[in-house]
Amino acid sequence: MSAALESLLDLLDLEQIERDIFRGTSRSAVVPRVFGGQVAAQALVAAGRTVPADRTAHSLHSYFLRMGDPGAPIVYSVDRIRDGRSFTTRRVVAVQHGQPIFHLSASFQTYEEGLEHQADMPPAPDPETLPTAEQMLPRYADVFTDRGVMDRLLEARAAVDLRYVGAPPFANVGTPQEPRSQVWFRTNGKLADDPLLHVCMATYVSDMTLLDSVLLAHGRGGWAVGDVVGASLDHAMWFHRPFRADEWLLYDQESPSASGGRGLGQARIYTQDGRLVITVIQEGVVRVPRD
C-alpha cells in the first residue's frame, strides 16, 4: 500500500467524540478549500458507523452548503432517522466554525434477492494501456497557471490510480468537444474487506472528474487552468452491486445540460468485467470569470 493511500485511509478514519458525533481532520485540495469528495466520504463513514454491519449503503443524496476550511477539523453529527426491517436511514450534518458546510442523507439495506437487469458497459480500452497521472500531467505543465497546480494535482492523485481514456479538459483548451469523458480508477494498494470502506472510497473519487464533461462541451480547461470558477452544489449516488475500489472501475461520464451558471454531470461506474455498480449525478457551479 502506498503512503498516500495510508494517509487517505487515516483521513477517513473518523474519531468518535460522542454517541453519533464524529470528528475528522482535513487537508487542502487542488484549490484552496476542502475537497468535496473528502467531506462526502467522511460523512458516509459517520453514517455507516451507526448502522448494523449487515446493512450496506445503497444510496446517498447530499448538498454542499459552504466552502470547507482545510485548516480546521470537521464535526459530523448523525441523526438516526429510521431503523426498519430492511432499510436504515441516516442524516449527517458536517459543521465547521459553528456553521453547517455539508448535508448528507444515506440509506442502507440488508441483502435480498430481486429482479436483475442493467445497462451495458460502453467500450473502453484496457486501463493498463493508458498513461498514469505521473506520465500524463507533465505533458500539460504549460497550461497551468503555476507549477504548484500540477504538483497539487499529482499529490491529489497519489492515493488513487486515475487514468483518462481520452484527453482531459485542460489538454484542448478552446476546442469544444462532445460532452463525454471516461476514466479508469482504483486505489494504489489493496483495501480491507469492509464494504463500507470501498463505498466511501468510491464516493471520494466520484467528485474528482464528474464535471469534466461540462468543461469539454465548452472547451474550458477547468479550475486548475483558471478559465472557469466553480464548486460542487449537490451529489447523489446509487450503489447497485458489490464492488472493490482497489480493482479497476470505469467511470463513464456525460453532461446533458449546462445553464444558469450551473453544469450537470451524470455517470455510471462499471467493474472491469462489465457489472454496473454505481450511478452518480452531480450539479455544480460552473462560471466563466469576469474580466
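Two strands are said to pair if DSSP finds at least two bridges between them. Strands themselves are DSSP runs of at least two residues, numbered from the N terminus. The model examined here is predicted.

**Exercise 1. Strand pairing**

Solution. 
Step 1. For Gly24, the bridge partner in E4 is Ile74.
Step 2. Ser77 has Val93 in E5 as its bridge partner.
Step 3. Three residues lie between E4 and E5, and the two strands form a hairpin.

**Exercise 2. Salt bridges**

Task: State how many salt bridges the whole structure contains, and describe the surroundings of selected pairs.

Solution. 
Step 1. The search of the whole structure gives 16 salt bridges. In general, side chains of opposite charge can pair when their charged atoms come close. The cut-off between nitrogen and carboxyl oxygen is 4 Å.
Step 2. One of the pairs is Asp20 with Arg19, whose closest N and O atoms are 3.2 Å apart. Asp20 has a relative accessible area of 8% and is buried, whereas Arg19, at 55%, is exposed.
Step 3. Arg180 and Glu254 form another salt bridge, with 3.1 Å between the closest N and O atoms. Because Arg180 lies in strand E8 (residues 180–187) and Glu254 in strand E10 (residues 249–259), this pair ties together parts that are 74 residues apart in sequence. Arg180 is partly exposed at 34% relative accessibility, and Glu254 is partly exposed at 28%.
Step 4. Arg244 and Asp193 meet in a salt bridge with an N to O distance of 2.7 Å. Arg244 is in the loop between strand E9 (229–239) and E10, while Asp193 is in the loop between E8 and helix H5 (195–209); the two residues are 51 residues apart. Arg244 is partly exposed, with 23% relative accessible area, and Asp193 is exposed, with 66%.
Step 5. Through salt bridges that share partners, Lys190, Asp193, Arg244 and Asp246 are joined into one network.

**Exercise 3. Two helices in contact**

Task: Classify the crossing of helices H1 and H5 and examine the residues that meet there.

Solution. 
Step 1. The axes of H1 (residues 3–12) and H5 come within 12 Å and cross at roughly 105 degrees.
Step 2. Angles from 65 to 115 degrees count as roughly perpendicular; H1 and H5 are therefore roughly perpendicular to each other.
Step 3. From H1, the residues Leu5, Leu8, Leu9 and Leu12 meet Leu197, Met201 and Tyr204 of H5. The residues of this contact comprise seven nonpolar, no polar and no charged.

**Exercise 4. The setting of one residue**

Task: Decide whether Ser181 is buried or exposed, and list the residues that it touches.

Solution. 
Step 1. Ser181 is located in strand E8.
Step 2. Buried means under 20% relative accessible area. Ser181 has 8% relative accessibility, so this residue counts as buried.
Step 3. When residues up to four places away in sequence are not counted, Ser181 touches Tyr164, Asp212, Ser213, Leu216, Tyr251, Asp252 and Gln253.

Key:
Residues numbered from 1 in each chain as written. Predicted model: local features only at pLDDT ≥ 70, side-chain atom pairs only at ≥ 80, totals over all residues. Heavy atoms only, no water. Helix = DSSP H or I, 4+ residues; strand = E, 2+ residues; numbered from the N terminus. Salt bridge = Lys/Arg side-chain N within 4 Å of Asp/Glu carboxyl O. Buried < 20%, exposed > 50% of the residue type's maximum accessible area, 1.4 Å probe, protein only. Axes fitted to C-alpha atoms, helices over the stretch in contact; angles between N-to-C directions. Parallel < 35°, antiparallel > 145°, perpendicular 65-115°, else oblique. Contact = heavy atoms within 4.5 Å. Nonpolar A, V, L, I, M, F, W, Y, C, P; charged D, E, K, R; others polar.
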